[in-house]
Amino acid sequence: MTHEPAGVDTTEQSPYEPPPEDTPPRKARGRAGAYALLVALLAFCALAAAGGYLLIDKLADRGPVSPEHAVEGFLGALLTDRDPRAAREFVCPAIRDSDFAAYLDAVASAEESTGRDVDIAWNHVTTTSENSGDATVTADVSSTTPTGAEAQTWTFTVVKDPEWYVCGFATPA
């Protein structure tokens, strides 16, 4: 018979002892970490969305990047889309109040007199001279009606402020 000393526990202890009393339960620590991760993820997404919006907004506000783009945008808005207001986006402030509709009135008159649409096209948009702040651009503009076709070379003065804008143009008389 063995004798055990009084008040001493001789049973073996498990290698897995409970955490000390001042340590929060395991479940609470895991939940707090998940919340912190969720907050960090939401903050990252919000910052990414804000950055993407600002980047897209900045790119959307860019004007024409070359003299040719300014002329092509102007011709497309005025002659293809037949939208004088849209054409104003491609011109400098000095001529924004010009009556571009007068050119469209001439086209409308030709269409009324023939009873058919006038087909207007352009090609060979070329910068003929350019320096740091301005350029001269030409474009071959042609109109086709049931009675025939006519081709002209239009000359554009294009200025960079800070992007390229049409600030004047001349058509042959």
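Colleague: In what order do the elements of the protein chain run from the N terminus on?
Modeller: The order is α-α-α-α-β-β-β-β, with four helices and four strands in the chain. Helices (H or I, at least four residues) and strands (E, at least two) are DSSP runs, numbered from the N terminus.

Colleague: And what is this model based on?
Modeller: This is a predicted model, where local features need pLDDT of at least 70, side-chain atom pairs count only at pLDDT 80 or more, and totals for chains, interfaces and linings use all residues. Residues are numbered from 1 along each chain as its sequence is written, and side-chain values use heavy atoms, leaving out hydrogens and water.

Colleague: What is the mean pLDDT of the chain?
Modeller: The mean is 77, and 71% of the residues reach 70 or more. pLDDT is the predictor's confidence in each residue, from 0 to 100.

Colleague: Which elements have the lowest and the highest mean pLDDT?
Modeller: Helix α1 has the lowest, 68, and helix α2 (residues 67–80) the highest, 90.

Colleague: Next topic. How many aromatic pairs does the structure hold?
Modeller: Five. Rings of Phe, Tyr and Trp (its six-membered ring) pair if their centres lie within 6.5 Å; planes under 30 degrees apart count as stacked, over 60 as edge-to-face and the rest as tilted. One of the pairs is F74 with F169: the centres are 5.2 Å apart and the planes at 55°, so this pair is tilted.

Colleague: Where do F74 and F169 lie?
Modeller: F74 lies in helix α2 and F169 in strand β4 (residues 164–170), so the pair ties together parts that are 95 residues apart in sequence.

Colleague: Is F74 buried or exposed?
Modeller: F74 is buried, at 0% relative accessibility. Buried means under 20% relative accessible area, exposed over 50%, partly exposed in between (1.4 Å probe, protein chains only).

Colleague: Why is the pair of W154 and F169 called stacked?
Modeller: Because its planes are at 20°, with the ring centres 6.1 Å apart.

Colleague: Which residues do the ring pairs link into a cluster?
Modeller: F74, W154, F156 and F169.

Colleague: Back to the whole chain. How much of it counts as buried?
Modeller: Of its 173 residues, 23%.
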